[in-house]
Amino acid sequence: MKPILKLYRGYANEQELIVMGHVFKPTSKEDYDFQKKNFKNATSVIRMFRIATQANAAVYLEHNGEKIHTKTLDDGFFKFCIPLKEVSSYGWINYSVSIFDNGKEIKETASYIKPHEGNFGFISDIDDTFLVSHTRNPLKKLYILLFKNVFDRKVYEDVVTHYLALSSAGRTSQTEQNAFFYVSSSEWNLYRFIIQFTEINKLPKAVLLLKDIKTSLTDLFITGRGDHNHKFDKIKHILEFYPNLQYTLLGDDSQHDPYLYENICKIFPVNVKAVYIRQTGTSKKSKAEIALKNIASLNVEVCYFKNSTEAIAHSKKIGLIL
């Protein structure tokens with residue numbers, strides 16, 4: 001058996017490249033298969049939350065003809081933040097990372113985005129924003145996570161149409177896409193599931209920024225819940241990393257998105273163009289409406305919608321999409 005190296009999508013601006021991943025201890029278990037049905041799917045999900053990470057493992061990034069060395073943190077996570085000296089290409093660019101086991105190299109390749117020069121950036125929540133998750137009902141959410149495979153999970157109607165239009169907003173070339181980030185309180189354990197789901201449903205290719213990995217089965221029962229400061233910190237970081245973009249923030253009213261986005265708009269008074277909040281219950285939440293009214297007072301466009309057709313119409317009205 002050998003250790004497992006997992007890489008995640010990274011991102012770069014003109015000065016810095018950020019790529020990341022995890023190193024896991026050797027295991028005889030097969031890789032997670034989110035396409036299995038019922039109990040087999042549940043077994044895959046449970047196993048995913050019982051994985052053992054490897055602390056202080058040596059990791060090597062291949063970049064620009066040199067190998068850059070770092071080590072994993074206590075939870076097996078590694079992150080390379082390195083200065084970019086040369087003018088590199090744009091779009092999605094491959095990168096490679098290696099670890100060594102008994103002198104044998106284990107190498108994986110992933111990609112990072114260096115957005116073409118443009119005007120827009122998009123940051124979206126995942127659960128109940130585009131992926132139907134029933135966050136308001138924890139038992140139902142857990143049941144769906146365990147017993148519905150990646151093909152059985154649903155997107156909201158017309159959400160893909162909206163997101164693809166946003167992805168190409170302001171672009172004249174079909175090969176150029178806007179920077180898209182999916183920021184969630186779900187843990188890194190669910191990374192591959194989310195990637196598969198977005199690919200199956202043809203959502204825009206995006207960088208995922210998730211919560212610290214969990215390695216206890218009890219964490220499965222509270223996945224996506226708890227402290228949401230991580231989401232605020234990640235969104236704040238993106239706006240600081242790409243300070244010249246106009247951002248659209250997309251979320252829902254099942255948890256804290258309206259209030260997180262309100263605080264972001266207060267800190268970045270010229271960077272946020274629009275905020276979209278999906279209504280997940282039978283009626284609008286008065287607290288969410290108050291937060292959105294406050295956001296609107298900061299000269300940010302707001303849309304509190306039940307169906308994505310409303311969000312699409314709003315995006316056309318404000319000139320975000322054609």
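This briefing describes helix packing, aromatic contacts and selected residues in the structure above. The model is predicted. It holds 20 aromatic pairs, and helix α6 crosses helix α7 at roughly 35 degrees.

**Packing of α6 and α7**

- Helix α6 spans residues 229-241 and helix α7 spans residues 257-267; their axes come within 10 Å of each other.
- The crossing of α6 with α7 is right-handed.
- On the α6 side, the contact is formed by K231, F232, I235, K236 and L239.
- On the α7 side, the residues in contact are D257, L260, Y261, N263, I264 and I267.
- By residue class, this contact comprises seven nonpolar, one polar and three charged residues.
- An α-helix has 3.6 residues a turn, so residues three or four places apart point the same way.

**E262 in α7**

- E262 also belongs to helix α7.
- The relative accessible area of E262 is 13%, so this residue counts as buried, the cut-off being under 20%.
- Setting aside residues up to four places away in sequence, E262 touches A291, N294 and I295.

**Helix α4 and the residue that follows**

- The buried residues of α4 are Y191, F193, I194, I195, Q196, F197 and T198.
- These buried residues pack against three strands: β1 (4-12), β9 (179-187) and β10 (207-211).
- After α4 comes K202, with a positive phi near 60 degrees.
- K202 is placed in the loop between α4 and β10.
- K202 counts as exposed because its relative accessibility is 60%, and the cut-off for exposed is over 50%.

**Aromatic pairs and clusters**

- One of the aromatic pairs joins F78 and F80 in an edge-to-face arrangement, with 5.9 Å between the centres and 70 degrees between the planes.
- Both partners are buried: F78 has a relative accessible area of 1%, and F80 has one of 3%.
- One aromatic cluster is made up of F120, F122, F130, Y163, F180 and Y182.

**Charges over the ring of W92**

- R9 lies over the face of W92, 5.8 Å from the ring centre.
- K205 also places its charged end over the ring of W92, at 4.4 Å from the centre.

**Strand β6 and the loops on either side**

- S89 lies in the loop between β5 (77-83) and β6.
- With 45% relative accessibility, S89 counts as partly exposed.
- S89 and H116 are 27 residues apart in sequence, and their C-alpha atoms are 8.8 Å apart.
- F100 is located in strand β6, which runs over residues 91-101.
- F100 is partly exposed, at 40% relative accessibility.
- N102 is found in the loop between β6 and β7 (104-114).
- Most residues other than glycine have a negative phi.
- N102 is exposed, with a relative accessible area of 76%.

**Q174 in the loop between α3 and β9**

- Q174 occupies the loop between α3 (159-167) and β9.
- Its relative accessible area of 79% makes Q174 exposed.
- Q174 and K293 are 119 residues apart along the chain, and their C-alpha atoms are separated by 36 Å.

Note on methods: Residues numbered from 1 in each chain as written. Predicted model: local features only at pLDDT ≥ 70, side-chain atom pairs only at ≥ 80, totals over all residues. Heavy atoms only, no water. Axes fitted to C-alpha atoms, helices over the stretch in contact; angles between N-to-C directions. Helix = DSSP H or I, 4+ residues; strand = E, 2+ residues; numbered from the N terminus. Left-handed = near helix turned anticlockwise from the far one by under 90°. Contact = heavy atoms within 4.5 Å. Nonpolar A, V, L, I, M, F, W, Y, C, P; charged D, E, K, R; others polar. Phe/Tyr/Trp six-rings, centres within 6.5 Å; stacked < 30°, edge-to-face > 60°. Buried < 20%, exposed > 50% of the residue type's maximum accessible area, 1.4 Å probe, protein only. Lys NZ or Arg CZ within 6 Å of the ring centre and 35° of its normal.
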